[in-house]
Amino acid sequence: MKLLKNSSTSTLALADYKLTDEYGATKCYQVTDNNSKLTFEVNFYFYGGVISGWSVEPSKK
């Protein structure tokens with residue numbers, strides 16, 4: 001579990017992430033915040049083996 005703190009007083013307690021899909025140069029992960037119990041979909045986009053972008057959205061599941 002990783003603890004992250006943002007600029008306010010909120011603290012994230014992230015559970016281990018899991019790979020949910022992989023296609024082309026995109027890898028999709030799912031991670032849950034143990035404090036709020038919210039699950040997020042995190043996508044990383046690669047170009048030439050280097051991360052060129054990412055997106056994070058609350059899970060719709």
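Begin with residue Trp-54, which is found in strand E6. The model on display is a predicted one.

**The patch around Trp-54**

Together, Ile-51, Trp-54 and Val-56 make a nonpolar surface patch of about 350 Å². A surface display of these three residues will show the patch.

Which side chain makes a polar contact with the side chain of Ser-55? The partner is Tyr-45, at 3.2 Å. Apart from residues up to four places away in sequence, Ser-55 touches Glu-41, Val-42, Asn-43 and Tyr-45.

Asn-43 counts as buried because its relative accessibility is 17%, and buried means under 20%. Which residues are in contact with Asn-43, once its neighbours within four places in sequence are left aside? They are Lys-27, Cys-28, Gly-53, Trp-54 and Ser-55.

**The whole chain**

Now clear the selection and colour the chain by secondary structure. The chain has six strands and zero helices, and its elements run β-β-β-β-β-β from the N terminus on. Of its 61 residues, 21% count as buried. The chain exposes about 4900 Å², and carbon and sulfur atoms supply 56% of that area. Of the contacts in the chain with a separation of 6 or more, 4% are between residues 24 or more positions apart.

**Confidence**

Finally, colour the chain by pLDDT. The average for the chain is 88, and 85% of the residues score at least 70. Select strand E4 (residues 26–32), which has the highest mean pLDDT among the elements, at 97. Then select strand E1 (residues 2–5), where the mean is the lowest, at 59. Where pLDDT is low, the predicted coordinates should not be read in detail.

How values were computed. Residues numbered from 1 in each chain as written. Predicted model: local features only at pLDDT ≥ 70, side-chain atom pairs only at ≥ 80, totals over all residues. Heavy atoms only, no water. Polar contact = N/O pair within 3.5 Å; in protein donor to acceptor, adjacent residues only side chain to side chain. Contact = heavy atoms within 4.5 Å. Patch = residues over 30% accessible without salt bridge, like charges linked within 9 Å, V, L, I, M, F, W, Y side chains within 5 Å. Areas by Shrake-Rupley, 256 points an atom, 1.4 Å probe, with all protein chains shown as cover. Salt bridge = Lys/Arg side-chain N within 4 Å of Asp/Glu carboxyl O. Helix = DSSP H or I, 4+ residues; strand = E, 2+ residues; numbered from the N terminus. Buried < 20%, exposed > 50% of the residue type's maximum accessible area, 1.4 Å probe, protein only. pLDDT = per-residue confidence, 0-100.
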